[in-house]
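Here's a quick briefing to read with the structure open beside you. Let's walk through the fold, the cores, the pocket and a couple of residues worth a look.

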Amino acid sequence: MSFPQMPFPHLVKSALWKIVDAMALNPVPFVKNPAKDFTRKRKLDFVRMIRFCICMESGCLSHELLKYFYFNPDEAPTASAFVQQRAKLLAQAFCHILKQFNSRFPLKMFLGKYSLIAVDGCEFNIPRNPDDPSTFHPASGRSKKGFNSLHSISLFDLVSKRYLDVALQPGRLKNEFAALCQLIERFPSDSSPIFVADRGFASYNVFAHALEKAFTLPYAPRTSTQCASLGPAACLTGLTSGLMSFSPGQMQRKKGSILNWPASTASYAKQSPLTLSPTVPPNTLCGFG
């Protein structure tokens, strides 16, 4: 007897909840105080707490709790109870879920071999707290009272269309170079990634961290002057894996192509974008423009 195959959205959701259920069997690595946290019976136990955090939308906290508990006021916990339970969780819990979830569904490869990874940062406002100098921005033209923020730097797979990793920093202490180095160090060494980033991520420290992981680095010159200043390295037309830097206007979109080299580098990109010129050995270290 054959059974109907589970629809893909249901398969994805089932895989996600199985990861959370498996974590609940041993929550010690994911809570701040393993001897006490989530040991008593609560409306928001470990599984419900994680699931609720994942399912939350943009409504106020009280409404989101009511909606999650099917608008049953006798079952829904208070916003205060949620805050207390949330404080018991470590950020590593959600990092674990992200990595385990991605491992359940293999990534699609660019040209059958390469992981095409976009890198960028984003800033998020968090509740105002003037007593936190690492995140508080004093009053200025942007805000009359000041505000607090966090800065995130994410890795996004452009082919599979999913997030792979993220680094969080206090808004006033953000350092995108350090964040990208951290993400590169955590990236699997047995893969062939191409990191596509804007010029704000360009630094020799980033190069050094990538080389330690055996990732090759390409260079996308922004002007003909930069092409000439590169000397022999200007023969580099692609990579086995690496990191590219483009200004926004240089990303040209054409049918049937994911990456297109800017016109200023056309003379150096006549070959396939993912081949190395024979005049330049692999693992050549080049700079950013």
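Going along the sequence, the chain runs α-α-α-α-α-β-β-β-β-α-β-α-α-β. Keep in mind that this is a predicted model. In total the protein chain has eight helices and six strands.

**The chain overall**

- Of the 289 residues in the protein chain, 39% are buried.
- If you take the contacts with a separation of 6 or more, 66% of them link residues 24 or more positions apart.

**Helices 1 and 2**

- Helix 1 covers residues 8–25, and its buried residues are Ala15, Leu16, Trp17, Ile19, Val20 and Met23.
- The length of helix 1 checks out, because its 18 residues at 1.5 Å each should span 26 Å, and the end C-alpha atoms are 26 Å apart.
- Over in helix 2 (46–55), Phe46, Val47, Met49, Ile50 and Phe52 are the buried ones.
- The buried residues of helix 2 pack against helix 1, helix 3 (61–68), helix 4 and helix 5.

- As a rule, nonpolar side chains in soluble globular proteins tend to be buried together.
- Which members of the largest nonpolar core touch the most others? They are Met23, Phe46, Ile50 and Ile97, out of 21 residues in that core.
- Helix 1, helix 2 and helix 5 (92–104) each put at least two residues into this core.
- Ile97 shows how that looks up close: leaving aside neighbours within four places in sequence, Ile97 is in contact with Leu16, Ile19, Val20, Met23, Ile50 and Ile54.
- There's also a second, separate core of 17 residues, and Ala167, Leu183, Ile184 and Ala197 are among its members.

**The largest pocket**

- The largest pocket holds about 1,400 Å³ of space.
- Its lining is made up of 37 residues, and those closest to the centre are Ala91, Phe94, Cys95, Val166 and Leu168.
- Both helices and strands take part: helix 2, helix 4 (79–86), helix 5, strand 1 (115–126), strand 3 (147–157), strand 4 (162–170) and helix 6 (176–186) give two or more residues to the lining.
- Which element supplies the largest share of the lining of the largest pocket? Helix 5 does, with seven residues.
- Sorted by class, the lining of the largest pocket has 23 nonpolar residues, nine polar ones and five charged ones.

- Ser152 sits in strand 3, and Ser152 counts as buried because its relative accessibility is 5%, with the cut-off for buried being under 20%.
- What does Ser152 contact, leaving aside its neighbours within four places in sequence? The partners are Asp120, Gly121, Cys122, Phe124, Val166, Ala167 and Leu168.
- Two of those partners, Val166 and Leu168, are also on the list of residues closest to the centre of the largest pocket, and Ala167 belongs to the second core.
- Leu180 has its place in helix 6, and Leu180 is buried, with a relative accessible area of 0%.
- Leu180 and Ala197 are 17 residues apart along the chain, and their C-alpha atoms are separated by 10.0 Å.

Note on methods: Residues are numbered from 1 along each chain as its sequence is written. This is a predicted model: local features need pLDDT of at least 70, side-chain atom pairs count only at pLDDT 80 or more; totals for chains, interfaces and linings use all residues. Side-chain values use heavy atoms; hydrogens and water are left out. A nonpolar core is a set of buried Ala, Val, Leu, Ile, Met, Phe, Trp, Tyr and Cys residues joined through side-chain atoms within 4.5 Å. Buried means under 20% relative accessible area, exposed over 50%, partly exposed in between (1.4 Å probe, protein chains only). Helices (H or I, at least four residues) and strands (E, at least two) are DSSP runs, numbered from the N terminus. Contact means heavy atoms within 4.5 Å. On a 1 Å grid over the protein atoms alone, a cavity is a set of points where a 1.4 Å probe fits but cannot get out, and a pocket is an open set with protein on both sides within 12 Å along at least five of seven lines; lining residues have an atom within 4 Å of a point. Grid points are joined across faces, edges and corners, and a volume is the space filled by probe spheres set on the points. Ala, Val, Leu, Ile, Met, Phe, Trp, Tyr, Cys and Pro count as nonpolar, Asp, Glu, Lys and Arg as charged, and the others, Gly among them, as polar. The expected span of a helix is 1.5 Å times one less than its number of residues.
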